[in-house]
Amino acid sequence: MEDGKEVKAAKRRERQAALENPDSDVGLCGWVLIGFSLLLTLVTLPLSIWMCIKIVKEYERAIIFRLGRILRGGAKGPGLFFVLPCTDSYINVDMRTITFDIPPQEVLTKDSVTVSVDGVVYYRVQNATLAVANITNADAATRLLAQTTLRNVLGTKNLAEILSDREEIAHSMQSTLDDATDDWGIKVERVEIKDVKLPQQLQRAMAAEAEASREARAKVIAAEGEMNASRALKEASLVIAESPSALQLRYLQTLNTIAAEKNSTIIFPLPMDMMQAFMKR
């Protein structure tokens, strides 16, 4: 994998060097036109100086074409640069980070679920020469490639992975886009998944499943509580059976609790032995 990336980077550097330092000459006719342009510039001084001197901002680079060929040295700027009025043309390239939204894409996941996913991509022009010479519109191409990459990556994931592994999916998309746009002089800095929209029927089914799971857990917890309470009551009954006076103390504690809550209610506990005597009669 690393060897492949190194080979690809070497080829890209060779293409860039070939663009910035062309070996082919402009020919005799080309030199004649360049000389005529220089002569015209000198004759029309100082008016021609305003047509020859151009300015690019700090975040821009200028690609100069002389007789249709990229001028030796590659991109110019920032600051001042010189062009010939008749033979030279130039294109300004913005080097700042550009952000765009990926429109919602209807994707069929690996487990045959249709979801709508959108995202956002951050990229910048890393090499102005390649961005101008190798592709017609780098921005539009990057946008279209981001849409197809989102569909291709999500098509290999199931629904659970899409909902839980957004960072991994975003990193995979960034790597794929960065490799694909490398020949265009584009550097994809970041990709983020914004929203995953599920069908209404699937949302209701997942909500019902989650509710049933919570009810099942609640019943298990209640059963465990009842079991622990019964064990505690069993141990308490054994302790009270060993000491009859503990039962009387428990009666008094219960009376104290009832008297604190309901002052108008008085309860007199009767021993079970007394009730058994009446029942025998």
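Asp178 is found in helix H7 of this predicted model, where helices (H or I, at least four residues) and strands (E, at least two) are DSSP runs numbered from the N terminus. With a relative accessibility of 17%, Asp178 counts as buried; the term means under 20% relative accessible area, with exposed meaning over 50% and partly exposed in between (1.4 Å probe, protein chains only). The side chain of Asp178 is joined to that of Lys187 by a polar contact of 2.9 Å. Such a contact is a pair of N or O atoms within 3.5 Å; within protein, one must be able to donate a hydrogen and the other to accept it, and residues adjacent in sequence count only if both atoms are side-chain atoms. Leaving aside neighbours within four places in sequence, Asp178 is in contact (heavy atoms within 4.5 Å) with Ile186, Lys187 and Val188.

Residues are numbered from 1 along each chain as its sequence is written, and side-chain values use heavy atoms, with hydrogens and water left out. As the model is predicted, local features need pLDDT of at least 70 and side-chain atom pairs count only at pLDDT 80 or more, while totals for chains, interfaces and linings use all residues.

Taken as a whole, the protein has 10 helices and eight strands. Of its 281 residues, 26% are buried. Among contacts between residues at least 6 apart in sequence, 68% join residues at least 24 apart.

Helix H5 comes next. Buried in H5 are Ala138, Ala141, Thr142, Leu145, Ala146, Thr149, Leu150, Val153 and Leu154. They cover an arc of only 170 degrees around the axis, which puts them on the same side of H5; the arc is that of the directions from the helix axis to the C-beta atoms. An α-helix has 3.6 residues a turn, so residues three or four places apart point the same way. The cover over the buried residues of H5 includes strands E6 (98-108), E7 (114-125) and E8 (186-197), together with helices H4 (128-133), H6 (159-164) and H7 (166-180). At the start of H5, a side-chain oxygen of Asn137 comes within 3.2 Å of the backbone nitrogen of Asp139.

Helix H2 (residues 27-43) can be read in the same way. Its 17 residues should span 24 Å at 1.5 Å a residue, in agreement with end C-alpha atoms that are 24 Å apart. The buried residues of H2 are Gly30, Ile34, Ser37 and Thr41. Their arc around the axis is only 60 degrees, which puts them on the same side of H2. They pack against helix H3 (49-52) and strand E2 (60-66), whereas Leu28, Cys29, Val32, Phe36, Leu39, Leu42 and Val43 are exposed on the other side of H2.

Finally, there are two aromatic pairs in the structure. Rings of Phe, Tyr and Trp (its six-membered ring) pair if their centres lie within 6.5 Å; planes under 30 degrees apart count as stacked, over 60 as edge-to-face and the rest as tilted. Phe81 and Tyr90 make an edge-to-face pair, 5.5 Å centre to centre with 80 degrees between the planes. Phe100 and Tyr123 are also edge-to-face, at 5.8 Å and 65 degrees. This pair links distant parts of the chain, Phe100 in strand E6 and Tyr123 in strand E7, 23 residues apart.

Methods
The expected span of a helix is 1.5 Å times one less than its number of residues.
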